[in-house]
Amino acid sequence: MTKSCDTSNEFELPKTYGDTKVVILPKDPVWIFAYWEFSFDKFGELSRQYNGDFDSSAFVIRVYDVTCIDFNGSNANKYFDIHANYDSLSWYINVGEYNRSWIVDAGFILKNGKFISVARSNLLKMPAYGASDIADELWGTLKFDFEKFLKKNIGSSNTTVKNMKEFWKITELPSSKSFASSRLLSKK
């Protein structure tokens, strides 16, 4: 008798966990990935609190620019709304600017225009765009160390070592000995 290969969803993760939360993560310097979940209890609470207004409200993701401020919920540098589909449970957000800090509220806009925040995300400091202009020589490979590496790993290829020595002369990088002594002098 052959055993069938059952690939049931026995070990599949649930779509929701019954929490009320919003989480934002960086995708790249100008895109944020947001995901959210609202518990059924939270929906019941909102429905009772706002009566019939909540049932006809629109789901909105409100994105706050909170760069260089201690955000209190109403003092953002600026914000914008995204009318999203609540059932999607996640959204990619193009913030259009890099090197900024963001917070996201997921909530609803009532008929009268009032925004009701259901959950607030974590603070997200987005990365800068491009390569850093900080060049820290402590992380660079030094001429002396590189020559040792070449001799050890290439053997006695004098041509390669000679070419690399010429390269180091052109780039004018310090040897490890002169670099170490210059670091000692600068600390005095």
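Which residues do ring pairs link into a cluster? Ring pairs join Trp36, Phe38, Phe59 and Phe108 in this way. The model is predicted, so local features need pLDDT of at least 70 and side-chain atom pairs count only at pLDDT 80 or more, while totals for chains, interfaces and linings use all residues. Residues are numbered from 1 along each chain as its sequence is written, and side-chain values use heavy atoms, with hydrogens and water left out.

Rings of Phe, Tyr and Trp (its six-membered ring) pair if their centres lie within 6.5 Å; planes under 30 degrees apart are stacked, over 60 edge-to-face, and the rest tilted. By this rule there are ten aromatic pairs. One of them is tilted, because the planes of Phe33 and Tyr92 stand at 50°, with ring centres 5.0 Å apart. This pair links distant parts of the chain, 59 residues apart: Phe33 belongs to strand 2 (residues 31-37) and Tyr92 to strand 5 (residues 90-94). Strands (E, at least two residues) and helices (H or I, at least four) are DSSP runs, numbered from the N terminus.

Buried means under 20% relative accessible area, exposed over 50%, and partly exposed in between (1.4 Å probe, protein chains only). Phe33 is partly exposed at 22%, and Tyr92 is partly exposed at 49%.

Within the cluster, Phe38 and Phe59 have ring centres 6.1 Å apart and planes at 65°, so the pair is edge-to-face. Phe38 lies in the loop between strand 2 and helix 1 (40-55), and Phe59 in strand 3 (residues 58-65), 21 residues apart. Phe38 is buried at 7% relative accessibility; Phe59 is buried, also with 7%.
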